[in-house]
Amino acid sequence: MSSYLIATLAAHAVLLWGEDAQLDIVQEECAELIQAISKLRRARRAVEARGPNLDTFEARAADRELSEAERNIVKEAADVWIMLQQLEALVSGEYQAAREFVVKNFAAKVTQASEK
Ligand SMILES: [Mg+2]
């Protein structure tokens, strides 16, 4: 799907369900992503801490939890992404300028860190 079509759908969604309702969902999806990041980090630590025996109930449970956390963070990142498309529809002109400024600063930081 093209970025133009996604932006059109996002703008339509905001008109359809209203700004306030969509802002609620942006907030909720960001919270879900934060929780997913916490669960992924906790699952990674559990796998690291399980020791050399991989064939215990706890080891298999840690592996399952990590797999689930990896799937979940992808889903939550995608949920946030589609809600950010709608947020962009709410603040369109300012968002574009802010995004360009942030990308420029980010590029400078990455370049600077790479040169160290
Ligand atoms: Mg979600």
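In which helix does alanine 13 lie? Alanine 13 is part of helix 1, where helices (H or I, at least four residues) and strands (E, at least two) are DSSP runs numbered from the N terminus. The model is predicted, so local features need pLDDT of at least 70 and side-chain atom pairs count only at pLDDT 80 or more, whereas totals for chains, interfaces and linings use all residues. Residues are numbered from 1 along each chain as its sequence is written.

The protein contains four helices and zero strands, and its elements follow the order α-α-α-α from the N terminus. Its radius of gyration is 19 Å, while a compact globule of 116 residues would have a value near 13 Å; the radius is taken over C-alpha atoms, and the globule rule is 2.2 Å times the number of residues to the power 0.38. Along the principal axes, the C-alpha atoms fill a box of roughly 55 × 45 × 25 Å. Of the 116 residues, 9% are buried (20 or more other C-beta atoms within 10 Å of the residue's own; exposed, 12 or fewer; partly exposed, in between; C-beta atoms placed from the backbone). Among contacts with a separation of 6 or more, 71% join residues 24 or more positions apart, a contact being a pair of C-beta atoms, placed from the backbone, within 7 Å.

Two packed helices are described by the angle between their axes and the distance between the axes. Axes are lines fitted to C-alpha atoms, for helices over the stretch in contact, and angles run from 0 to 180 degrees between N-to-C directions. Helix 2 (residues 19-49) and helix 3 (residues 57-90) have axes that come within 8 Å and cross at roughly 155°. The two are therefore roughly antiparallel (over 145 degrees; under 35 counts as roughly parallel, 65 to 115 as roughly perpendicular and the rest as oblique). Their contact has 19 nonpolar, three polar and 10 charged residues (nonpolar: Ala, Val, Leu, Ile, Met, Phe, Trp, Tyr, Cys and Pro; charged: Asp, Glu, Lys and Arg; polar: the others, Gly among them).

Helix 1 (residues 3-17) packs with helix 3 at an angle of about 70°, the axes being 8 Å apart, which makes the pair roughly perpendicular. The contact involves Ile6, Ala7, Ala10, Ala11, Ala13 and Val14 of helix 1, with Gln85, Gln86, Glu88, Ala89 and Leu90 of helix 3.

Alanine 13 is partly exposed, with 18 other C-beta atoms within 10 Å. Residues up to four places away in sequence aside, alanine 13 touches Gln22 and Gln86. Alanine 13 and glutamine 86 are 73 residues apart in sequence, and their C-alpha atoms are 7.3 Å apart.

Methods:
Contact = placed C-beta atoms within 7 Å.
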